[in-house]
Amino acid sequence: MNLSFLSREQSEEYKSKMNLTEDEEKIFDMLTKNYSIVKIADVMQMSTRTVDRRIKNIKLKMSVVDKS
């Protein structure tokens, strides 16, 4: 999931509306900087599978925000 197309203002707006967990917020920030899942997993010290699950949660929350 590449979110690097979001401006800083857009990403902050999403974060304020999505009610992200601390880990999800860190991952969201890294996705806006175009980090790979492997790089995120390394930085966050978690498995790529866990990062993938967190990204799925972020996508769900983004879709809810987009619908409102």
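What you're looking at is a predicted model, in which local features need pLDDT of at least 70, side-chain atom pairs count only at pLDDT 80 or more, and totals for chains, interfaces and linings use all residues. Residues are numbered from 1 along each chain as its sequence is written, and side-chain values use heavy atoms, with hydrogens and water left out.

**How the helices pack**

Helices here are DSSP runs of H or I with at least four residues, numbered from the N terminus. Axes are lines fitted to C-alpha atoms over the stretch in contact, and angles run from 0 to 180 degrees between N-to-C directions.

- Let's start with helix α1 (residues 8-18) and α2: their axes come within 11 Å and cross at roughly 160 degrees.
- That angle makes α1 roughly antiparallel to α2 (the label is for angles over 145 degrees).
- α1 passes α2 in a right-handed crossing, meaning that the near helix is turned clockwise from the far one by less than a right angle.
- On the α1 side, the contact (heavy atoms within 4.5 Å) is made by Ser 11, Tyr 14, Lys 15 and Met 18, and on the α2 side by Glu 25, Phe 28, Asp 29 and Thr 32.
- Sorted by class, the contact of α1 with α2 has three nonpolar, two polar and three charged residues. Ala, Val, Leu, Ile, Met, Phe, Trp, Tyr, Cys and Pro count as nonpolar, Asp, Glu, Lys and Arg as charged, and the others, Gly among them, as polar.
- Next come helix α2 (residues 22-32) and helix α4 (residues 48-67), whose axes come within 10 Å and cross at roughly 85 degrees.
- α2 and α4 are therefore roughly perpendicular to each other (that label covers 65 to 115 degrees).
- From α2, the contact uses Asp 23, Glu 24, Ile 27, Phe 28 and Leu 31, while α4 brings Arg 54, Ile 55, Asn 57, Ile 58, Lys 61 and Met 62.
- The residues of the contact of α2 with α4 split into six nonpolar, one polar and four charged.

**Salt bridges**

Side chains of opposite charge can pair when their charged atoms come close. A salt bridge here is a side-chain nitrogen of Lys or Arg within 4 Å of a carboxyl oxygen of Asp or Glu.

- The structure has nine salt bridges.
- Lys 15 pairs with Glu 12 at 3.4 Å, N to O. Both sit in helix α1, three residues apart, which is about one turn of the helix.
- Lys 15 also pairs with Asp 29, at 2.8 Å, N to O. Asp 29 lies in helix α2 and Lys 15 in helix α1, so this pair ties together parts that are 14 residues apart in sequence.
- How open are the partners? Lys 15 is buried, at 14% relative accessible area, while Glu 12 is partly exposed at 39% and Asp 29 is partly exposed at 25%. Buried means under 20% relative accessible area, exposed means over 50%, and partly exposed is in between (1.4 Å probe, protein chains only).
- Not counting residues up to four places away in sequence, Lys 15 touches Leu 20, Glu 25, Phe 28 and Asp 29.
- Salt bridges that share partners join Glu 12, Lys 15, Glu 25 and Asp 29 into one network.

Most residues other than glycine have a negative phi.

- Asn 19 has a positive phi of about 55 degrees although it is not a glycine. You'll find Asn 19 in the loop between α1 and α2, where it is exposed with a relative accessible area of 64%.
- Gln 45 isn't a glycine either, yet it has a positive phi of about 55 degrees. Look for Gln 45 in the loop between α3 (37-44) and α4; it is exposed, with a relative accessible area of 74%.

Conventions: Helices (H or I, at least four residues) and strands (E, at least two) are DSSP runs, numbered from the N terminus. Angles under 35 degrees count as roughly parallel, over 145 as roughly antiparallel, 65 to 115 as roughly perpendicular and the rest as oblique.
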